[in-house]
Amino acid sequence: MSTRLVWGMLGGVVLGIAFGNSGIGIAFCIAAGALAAGIWQYLETRGKRA
């Protein structure tokens, strides 16, 4: 989960700088990246529980 979270946040930083270029825009994109990483983790592990 931690690597997905880091990549999600880094992707959010890149998108925030590219599109928002403001503190609020970057923070919003970081949060969206973290949320996407959580959803990605959930979707990958939901069928693997025993």
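At what angle do the axes of helix H1 and helix H2 cross? I looked this up in a predicted model, where local features need pLDDT of at least 70, side-chain atom pairs count only at 80 or more, and totals for chains, interfaces and linings use all residues. Residues are numbered from 1 along each chain as its sequence is written, and side-chain values use heavy atoms, without hydrogens and water.

I found H1 at residues 2–20 and H2 at residues 23–45, crossing at roughly 145° with axes within 7 Å. Axes are lines fitted to C-alpha atoms over the stretch in contact, with angles from 0 to 180 degrees between N-to-C directions. Helices are DSSP runs (H or I, at least four residues), numbered from the N terminus.

Next I listed the contact (heavy atoms within 4.5 Å). H1 gives residues including Gly-8, Gly-12 and Gly-16, and H2 gives Gly-25, Gly-33 and Ala-37 among them.

I then checked Trp-40. Arg-4 lies over its face, 4.9 Å from the ring centre. The rule asks for CZ of Arg or NZ of Lys within 6 Å of the centre and within 35 degrees of the ring normal.

Last, I noted the C-alpha box: roughly 45 × 15 × 10 Å along the principal axes. I counted two helices and zero strands.
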